[in-house]
Amino acid sequence: MEKYTGKSSSFIGRHRWRSALDSPRSTFSPKPYHKSPPHDDNNNHDDNYSIPDDIDYDQLLIHVDRFTDQLADDHNTTAIPKIPDDVDTFCKIIKSKTRKSGSAPRNGDDKCTFLYDSVRRLWKLKTVLAHRFPNSPLFERISKLLHRSMVFMEEELRSLILLEPIKPPPEPKLKVMSLRYSSFNTDRSCSISSSSSSDDDDFPGFSEEKMIKMNKIVTTMISAGYKNECSNVYCMARGNALYDQLKKLDFEKLNAEDVQKLNWDWLEADVSRWIRIINHCSTVLIPAERLLGEKVFSDHLPVFRGLFINLIRSVVTSLLDYAAAVAMRKRSAERLFKFLDMHEALNSLREATNDSSHSDEIKHQQPCNDLNSEISSVINRIGEGVVNMFSDLENSIRNDVAKTPVPGGAVHPLTRYVLNYVTCACEYGDTLEPIFQQNAKLNQPTSPEEMEKSPMAAQILSVMSVLDENLRVKSTLYKDPSLRFIFLMNNGRYILQKVKGSTEIKKVMGDDWCRRRSSEVRHYHKSYQRETWTRVLQCISQEGIQVKGKVDKKVLKERFKNLNAMLDEIGKTQSTWVVSEEQLLSELRASISGVVIPAYRSFVGRYKHHLEGGGGKSIDKYLKYQPEDIETLIESLFEGNLTSMSRRRFYS
């Protein structure tokens, strides 16, 4: 394919066209082809030539072909040929049909077809004359007439391309993730919602009839040797059309120079706009532009593929500059999901710029390779930022040092944050996995378990391990060992339920991890029960009650006195503790009741009569709790006032 050597330009700043001297990365952009006014060939009266109504165009073309063949076969190179009347009439008709816009009728398929056929004859005749009679008046006349015809067709093509579409293209309806256009929030749902249009976008809005006419003009111009002029007109017009579409999406508001100046909260809206523009380019503008070009240049597809990449390069380059500037911003774990959205958008853009149906033909084309390299380079920089953000997340967890414990041993806000963060991250698994594979050197596994996992799973496991260690440290803030185990149990159960509730993260963590986590939660459960209720059970045991086979009433009364004090303290203290997960709360109360109440009922039944004295006062004094009262006490445990808990947000 002949390489096009037109001048280049690029969208910059506010994305206007500029010259190649300012943008060495861009290899081409359309500049309007400035036609030269047709030279006066001493036949100005041809402009006013009146075409006979009974003219036989087919016969006229046959006579022109016969004259051209005779010149080609005639070996007499000295005698300048006389122009036959039919050829002279042919030239007059062509000149009349190519008058300035509005001076001649431009409709009618037969007349248009005649003009296209005539240009091919002119090209052939000019070629023969250039070889046989290059200095003849006839050669000069045919050359000027051909040039005039090309200028005319150039204007026709421009007017067709710039013609307003039948209806304005609809606003793009794009797939959106609810959290993707705002900072990460632990209370925000990660579910994906999508809205799709039942009607296809109408861009670029040309009727089939107009595309056929453009195809005939393009085919005629390229066949006549005016490929560069044709490409210039097409690229300039379509480039302006693309720019107009992007303006509707506030493309002009994106400025790479502002990225480093703006606060992230302000910049985030611009990044969201950038993502919408990229997605619209990938799903609507670029595919539609390729389809239009392949129809218009159907007889010269290699020409179109060469100019197509250069046509979209200016838009793509500007968008890449913006993304590269965002990637250079200071890292923050909060920005992970926006970076993942950008990564996905750029991957879609790279796919859109590649013509998969003709990949074998274009893979060696330098403009296409260069553009793909630029897109891939920015994708890699975004990917590196994503990997580093996970490292930042781990560091943030490590550095979260609390001086006061969470009231009631409830689930720590850090736990909620990290689990929501990781759960949402795993929903980007198809994006994250290749990112971590490509950047494996930046994220080396630190444990045998991580080494057995995929790079992404190893990273998630690493985050969870750092969180576990942080929670163990935070548990030491509780002076009461029982409350320490409640805290670890609450957080462990929350983590387990969160993982089980998400298909994506459960797949990453694996069944073995879930089983180990369940065992840990059971261990904390048993440790709490042992720490709190073992003393109660010891108090109602028979050991030490009898001395020489008789019940020691003094010891018995001391036992009941201590038991009442223990139950009072447990009820007062642990009713303010928190177990918010309903199933865990039910399991915990049932477990306590199943152990304590039968033992207490048996103890009271065995020794109650030893407390009886005058008027039953001794029983009321020492037997403060009936078995039913203990059931009520257990049911009142872990009902802590949740509103009193610290609600501070982490990493806000």
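Predicted model: local features only at pLDDT ≥ 70, side-chain atom pairs only at ≥ 80, totals over all residues.
**View 1. An edge-to-face pair between phenylalanine 390 and tyrosine 421.** The whole structure contains 14 aromatic pairs. One of them joins phenylalanine 390 and tyrosine 421, with 6.4 Å centre to centre and 80° between the planes, an edge-to-face arrangement. Phenylalanine 390 is in helix α11 (residues 366–398) and tyrosine 421 is in helix α12 (residues 413–426), so this pair ties together parts 31 residues apart in sequence. Are the two residues buried or exposed? Phenylalanine 390 is buried, at 0% relative accessibility. Tyrosine 421 is buried as well, with a relative accessible area of 0%.

For the rings of phenylalanine 603 and tyrosine 607, the centres are 5.1 Å apart and the planes meet at 55°, so that pair is tilted.

**View 2. A cluster of aromatic rings.** Which residues do ring pairs link into a cluster? The members are Phe337, Phe390, Tyr417, Tyr421, Tyr428 and Phe436.

View 3. Helix α7 covers residues 264–296, which is 33 residues. At 1.5 Å a residue the helix should span 48 Å, and its end C-alpha atoms lie 44 Å apart, which agrees. A kink of about 45° is centred on cysteine 281 in α7. The N-terminal end of α7 is capped by asparagine 263, which has a side-chain oxygen 2.8 Å from the backbone nitrogen of aspartate 265. Why is α7 described as largely enclosed by the rest of the structure? Of its 33 residues, 24 are buried, so the description applies.

View 4. The average pLDDT of the protein is 79, and 77% of the residues score at least 70. Along residues 1–43 the pLDDT stays under 50. The model has 105 contacts beyond four places in sequence for residues 1–43. Residues 185–200 also have a pLDDT below 50. This second stretch has 29 contacts in the model beyond near neighbours in sequence.

Terms used: Residues numbered from 1 in each chain as written. Heavy atoms only, no water. Phe/Tyr/Trp six-rings, centres within 6.5 Å; stacked < 30°, edge-to-face > 60°. Helix = DSSP H or I, 4+ residues; strand = E, 2+ residues; numbered from the N terminus. Buried < 20%, exposed > 50% of the residue type's maximum accessible area, 1.4 Å probe, protein only. pLDDT = per-residue confidence, 0-100. Contact = heavy atoms within 4.5 Å. Expected span 1.5 Å × (residues − 1). Bend = angle between axes of the 7 residues up to and from the residue. Polar contact = N/O pair within 3.5 Å; in protein donor to acceptor, adjacent residues only side chain to side chain.
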